Amino acid sequence: MARVKSRSFSEKDIIAKATFDNRPSQANAQKRVFRERVDAFTQTARGSVYTDITGGLIQGAMFLNETGAGKKTILIFSDMQEELDKAAMRDFPIDLKNIRVVAVNVVKLKTDNVDPRRYMGRLEFWEKRVVAAGAREWRVINDIEHLDAVLKS
């Protein structure tokens, strides 16, 4: 798990890492610990001026590919509105081959309440980008309580 900030292509933004054991009992215990880290982070996480979702996806994919894990998942906690500073270049194809990307509790912006199509458009944009990048799955979960079921699959 990593923080997505102004430019998120950096190890210093990684909050927690987990590679789950093949043995179900061990994996379940590891998932509980990881879930506790996620919960602790979400309680203290603060927004940033810019949001580099693409950089975070690239960093996450590189880490996951280095692990050699059989199942790879990137969790995104964001409003999915990418806002980059002028120096960040992110308009290029990315590689998410065989990685599942899950957007969790996507925050709705004030403008989404006026026109919900904006919210749906952001989700559609990211779904297309993630699938085009070779991801094995794109999913949006609106309730963090459903995260356990996703991590088990």
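Helices (H or I, at least four residues) and strands (E, at least two) are DSSP runs, numbered from the N terminus. Keep that handy for the tour.

The model you have open is predicted, so local features need pLDDT of at least 70 and side-chain atom pairs count only at pLDDT 80 or more, while totals for chains, interfaces and linings use all residues. Residues are numbered from 1 along each chain as its sequence is written, and side-chain values use heavy atoms, with hydrogens and water left out.

**Stop one.** Select arginine 35 and aspartate 39. Their side chains form a salt bridge, 3.1 Å from N to O. Both sit in helix α1 (residues 24–44), four residues apart, which means about one helical turn separates them. Arginine 35 is buried (under 20% relative accessible area; exposed is over 50%, partly exposed in between, 1.4 Å probe, protein chains only), at 11%. Aspartate 39 is partly exposed at 28%.

**Stop two.** Glutamate 145 lies in the loop between β3 (137–141) and α5 (147–152), so its pairing with arginine 35 in helix α1 ties together parts 110 residues apart in sequence. Glutamate 145 is exposed, at 53%.

**Stop three.** Now pick aspartate 52 and arginine 90, whose closest N and O atoms are 2.8 Å apart in a salt bridge. Which is it for this pair, buried or exposed? Both are buried.

Finally, show Arg35, Asp39 and Glu145 together: salt bridges with shared partners join them into one network.

Notes:
A salt bridge is a side-chain nitrogen of Lys or Arg within 4 Å of a carboxyl oxygen of Asp or Glu.
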